[in-house]
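I open this notebook to record what I looked up in the structure and how each term was defined. The entries follow the order in which I went through them.

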Amino acid sequence: MNTRKFHKQYSSSLEASRTVASDILPFWQSLDLDVAVIGQMELCLVELVNNVFEHAYANLDGAKFDITSYLTEAKQLIIEVSDYGSSMPLHILENLPDTDFIEPIEKDPTTWLQSNRGLKIIQQLSDAIEYSSNKNKNTFKLLKKAC
């Protein structure tokens, strides 16, 4: 059984996603994961951490969130991002498969608005996504076959 696990608590900020990625990349590399998988999961993790700052905490600096990652015996990479802010309405994930990916256009500010672009990217790069909200803790879980 693989007992190696990455777990760390962070404070929300605009820069937190870069800090998290910088911290977790060496852990994933130590697991001998494929470089493409690492790149895809880094992008997903950055999107999730940005969502925590922007949506769960309404751009509030200093609120706590946790990152956990591990590799199962079945070589499935698990990434969990937990926050203690506002929960995501369940219909967002339920409707995600039917949502179009809206490409932002520089000269059209209406395309800059929130459109679940980050969640669409996460959905396309992950094998499965799960979301749970229990009391004050919200957890977004990504699963990705590592080989």
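I began with the packing of helix H1, whose buried residues lie against strand S1 (5-11), helix H2 (35-56), strand S2 (64-71) and strand S3 (76-83). I note that this is a predicted model, in which local features need pLDDT of at least 70 and side-chain atom pairs count only at pLDDT 80 or more, while totals for chains, interfaces and linings use all residues. Residues are numbered from 1 along each chain as its sequence is written, and side-chain values use heavy atoms, with hydrogens and water left out.

Helices (H or I, at least four residues) and strands (E, at least two) are DSSP runs, numbered from the N terminus. I then listed the residues of H1 that are buried (under 20% relative accessible area, with exposed over 50% and partly exposed in between, 1.4 Å probe, protein chains only), and found Ala16, Ser17, Val20, Ala21, Ile24, Leu25, Phe27 and Trp28.

**Course of H1**

After H1 comes aspartate 32, whose phi is positive, near 60°.

**Aromatic rings**

I counted aromatic pairs (rings of Phe, Tyr and Trp, its six-membered ring, with centres within 6.5 Å; planes under 30 degrees apart are stacked, over 60 edge-to-face, the rest tilted), and the structure holds 3. The pair of phenylalanine 6 and phenylalanine 27 is tilted, because the planes stand at 40°, with the ring centres 5.9 Å apart. This pair links distant parts of the chain, since phenylalanine 6 belongs to strand S1 and phenylalanine 27 to helix H1, 21 residues apart. I checked both for burial, and phenylalanine 6 and phenylalanine 27 are each buried.

**Serine 12**

I turned to serine 12, which lies in the loop between S1 and H1 and is buried, with a relative accessible area of 2%. Taking contact as heavy atoms within 4.5 Å, and leaving aside neighbours within four places in sequence, I found serine 12 touching Phe53, Tyr57, Leu60, Asp61, Gly62, Ala63 and Phe65.

**The whole protein**

Of its 147 residues, 41% count as buried, and its C-alpha trace spans about 50 × 30 × 25 Å along the principal axes.
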